[in-house]
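Colleague: Could you please take me through this model, one topic at a time?

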Amino acid sequence: MEASMTDQGYAGAGPQAPVSLPEIRMAYRGEGGDLFFIVLKNVFLTLITLGIYSAWGKTARRAYMWKQVDIGGERLEYTGTGKELFFGYLKVALGYLVLFGIPAVVTKIAKPVGTVLQVLGFLGLMIILPYAVYWSRRYLLSRTRWRGIRFGLAGDAGQFAKLWIGNWFLTIITLGIYGPVFANKIYGAIINNTRYGDASFSYDGRDGDAFKIGIKGFLLSVVTLGIYSFWYRAEMQRFRLSHIRFDRAVGTIDITGGLIFKLTMVNLLLNGLTLGLAFPWTATYTLKTVLERVRFLGAIDFARVGQRAVVGDAAGDGLAGALGVELGL
Amino acid sequence: MRGARAGRYVDGLTAVVHDVVLLIEDGQLVGVGGGEELFRWPAAALACEETDAGRVRITGRAAGDAAVTTDAEVAQALGLRGAPGAADLMGRGRRRRRRLAVALAGGIVAVAAGFYVSLTPIARAIAFHVPPAAEASLGRGLAAVIETQYCETPEARASAEALASRLGAPGTEMHIMDTDTVNAFTFPGGTVVLTRGLLEKAEGPDEIAGVLGHELEHVRLRHVTIRFVRTSIMTALWQASVGDYSGLFVIDPKTALDVAGLQFSRDDERDADRGALDRLDRAYISREGFATFFERLQAKTDVVPAWMSSHPASAERITRIRIGATKVDTTPALKAAEWAALKDGCHKK
C-alpha cells in the first residue's frame with residue numbers, strides 16, 4: 001500500500017490514481033480585486049505613517065491570503081499580529097545597526113579596526129542567513145492554523161544553520177555541482193521539521209535523485225539557452241512534492257514545464273505592461289493555478305492530530321524580509 | 001436570526017471537524033453536537049471574518065484555538081466585529097469599496113506629491129544645519145570612490161586653485177578626473193572636480209572660469225548637500241514603506257556616483273549661473289568665455305554635459321550671461337603659462 005502510493009505520487013498524473021484512495025485537494029479562492037484593494041490600503045496607510053504601518057499591512061495581506069487557501073474544504077487561518085511583526089522589525093533594525101552602524105562609526109575613528117569589524121559584519125550576515133530562513137519559516141508556520149490546529153517548525157536553528165553552512169561550503173568548492181544536493185537537504189530538513197499540531201511531516205526524497213534531476217536540468221538548460229529551465233523546475237517540484245508524507249498521505253503536484261513557462265510569460269507580460277499594477281491579479285492567478293494542482297493522496301486520521309505549544313518570534317520574519325530570503329508571501 | 005443554524009466546529013484540541021447546531025442565547029453563541037452542548041461563548045469575546053460570500057469564521061478570545069464556520073447571519077445576529085453588513089451581502093458593499101479604492105488611490109498620489117513638494121524645503125533646512133566639518137567628512141567619504149581617477153599634475157592643481165582663488169574661493173580643493181566626459185562637479189564640503197574632457201574642450205581660461213564659478217556657487221549654496229539629504233530622505237522613506245531597512249546604514253559606490261551625476265533643479269542652475277557671473281565680474285574676467293563655451297558645446301549636442309543639460313534652456317542661459325556685461329577692463333582668467341599647465345593637466349591620458 002505504502003509503496004504503491006509513493007509510485008502514484010511520483011508519477012504525479014491524476015487519472016491513474018486508484019478511486020479508493022482518499023484525497024485532499026487544494027484551491028485558492030481569492031480574487032485579484034480584493035487583494036488589490038488591500039494592497040492599495042496598505043500603501044496609503046504606510047505612506048502617511050512613514051512606514052510604521054507596513055507591519056500591520058503585511059499582516060492584513062497575509063490574513064486575507066491565508067483564508068483563501070482551501071485545503072480539503074477547510075480554509076487556512078493566519079493568526080499573526082501586526083504588533084508582534086512591528087517589534088520583530090525593530091529588533092532586526094537594531095541588529096543591522098550593530099552589524100553595520102557600529103563598524104561604520106569605528107571606521108571613521110580608527111580605520112583598521114573598523115575594516116576588520118566590517119568584514120566580521122559581513123561574515124555575520126552570511127551566518128545569520130540560515131537562521132533567518134529557519135526563524136521566518138517557524139514564525140509563519142506557528143501563525144498558521146487549519147482545522148483549529150496550529151502548524152509549527154521543530155528542531156533548532158543552530159542545527160539547521162550547521163547543515164546549511166556545511167553544505168553551502170561544499171557547493172562553493174564544487175563550483176555549484178553540489179547545489180542540487182544542498183537544496184534537497186535544506187528542503188528535507190524544513191519538511192521533516194514541519195509539524196501539524198503534534199504530528200510530523202516527513203520527506204524522503206533522496207539526494208542522489210535530486211542530484212540527477214539537477215544535473216540533467218542544468219545541462220539541458222545550458223544547451224537550450226535556458227528554455228529547459230521551466231521543465232527542470234517542474235520536474236523538481238514534482239519530485240519534491242511526491243516525497244512529502246503526512247500520516248498515510250503523500251503529496252503530488254500535477255505541474256508541467258509548459259505550465260510554468262506559460263505562467264512566467266503571462267506574469268512578465270501583464271506586470272510589464274502595467275508597471276506592476278497587475279500583480280494582485282497575476283499573483284492570484286498563479287496561486288489558483290498552482291494550488292489546484294496540489295493534492296495529498298491517502299488517509300489522514302484527524303482525530304489523532306492534537307494541539308501543540310506555540311513557538312516562533314516575529315523577528316525572524318523581519319530578518320528574512322531584510323535579507324531578501326522571504327517566501328514571497 | 002430566528003431558530004438554529006448549521007455550522008462546522010473545530011475544538012482546537014484535535015483536527016477533527018464536527019457538524020454542529022448553533023443557537024444564540026442571551027448574547028452567547030452555543031454549539032450543540034451529538035446531543036450535547038459543545039461550547040458556550042460570550043459574543044463580547046468573539047470576532048469573525050468573511051471567508052466566502054455569505055460565510056464567516058467565528059474565532060476569538062473565548063474560543064482559543066477553536067472556531068466555527070457558518071452563515072454570515074449568525075455573526076450579524078451576535079453583532080460581531082468584522083461581520084459583513086446586510087449591504088455587503090446584497091452587493092452594495094462592492095460599490096462602496098470601489099469608491100473607497102478610488103479615494104485611496106487619489107490619497108496615495110496626493111500624499112506622494114505632498115512629500116515630493118515639501119522635500120526640497122525640508123532638505124534645504126537640514127542641509128544648512130549640517131556643520132561644515134560633517135559636510136566635509138561626508139564629501140571625503142563619497143569622493144574616496146573616485147579618488148583613484150584623479151590625474152592632475154601639481155602645476156595644474158596650482159593653476160586651478162589660483163583660478164578658484166581669483167573667483168573669490170581661496171583654499172578650494174581642486175582635482176582633475178581622467179575621463180572623456182565633459183563635466184564638472186562638486187562634493188559636499190566644497191571639493192571641485194573638473195574632467196579631462198572639459199579641459200580639452202575649452203579654448204581658453206575664461207571658459208573654465210565660468211564653469212568653475214558656476215560650481216563654486218553650487219558649493220556656496222550647498223546644492224550638493226541639499227540634493228544628498230533629499231535623496232537620502234527619499235531612499236529612507238521608500239525603504240521604510242516597503243519594509244526594507246537594509247540600505248539605511250551603508251554608503252555604497254553607487255551613492256557616490258549619483259552625487260557626481262546629480263541633476264540640479266532649474267532654479268539651482270539659474271542661481272548658480274547668477275552667482276558665477278557675479279564672481280566673474282568681481283574678478284574682472286570677461287563673461288564672453290562662459291557664453292562661447294556654452295555655444296560651442298551646444299552646437300555639438302553629443303557632448304552637452306550634465307551641468308548644462310536642458311535647464312534652464314541653454315539659449316536663455318547664454319542670453320542672460322551676455323546681458324549686463326559691463327566690465328570693460330577685463331584680463332584673462334589665467335596667465336598663459338598657468339593655462340597651459342591646466343589644459344594639459346591630466347598626466348595619465
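Colleague: How many salt bridges does the structure hold over all chains?

Modeller: Over all chains there are 32 salt bridges, each being a side-chain nitrogen of Lys or Arg within 4 Å of a carboxyl oxygen of Asp or Glu. Please note that this is a predicted model, in which local features need pLDDT of at least 70 and side-chain atom pairs count only at pLDDT 80 or more, while totals for chains, interfaces and linings use all residues. Residues are numbered from 1 along each chain as its sequence is written, chains are lettered from A in the order in which they are written, and side-chain values use heavy atoms, without hydrogens and water.

Colleague: Which side chain does E23(A) meet in a salt bridge?

Modeller: E23(A) pairs with R295(A), at 3.1 Å from N to O. E23(A) lies in strand 1 of chain A and R295(A) in strand 10 of chain A, so the pair ties together parts that are 272 residues apart in sequence. Strands here are DSSP runs of E with at least two residues, and helices are runs of H or I with at least four, numbered from the N terminus.

Colleague: Now the interface: how many salt bridges are found across chain B and chain A?

Modeller: The rule finds 5 across that interface. One salt bridge joins the side chains of E74(A) and R8(B), at 2.3 Å from N to O.

Colleague: Which elements of chain B supply at least two residues to the side that touches chain A?

Modeller: They are strand 1, strand 5, strand 6, helix 3 and helix 8 of chain B. The largest share, 10 residues, comes from helix 3 of chain B. By class, this side of chain B has 16 nonpolar, 10 polar and 9 charged residues; Ala, Val, Leu, Ile, Met, Phe, Trp, Tyr, Cys and Pro count as nonpolar, Asp, Glu, Lys and Arg as charged, and the others, Gly among them, as polar.

Colleague: And how many residues are in contact there?

Modeller: 35 residues of chain B are in contact with 38 residues of chain A, where contact means heavy atoms within 4.5 Å.

Colleague: How much area do chain B and chain A bury between them?

Modeller: Together they bury about 3200 Å², with 61% of it on carbon and sulfur atoms. Buried area is the accessible area (1.4 Å probe) that two parts lose on being put together, summed over both.
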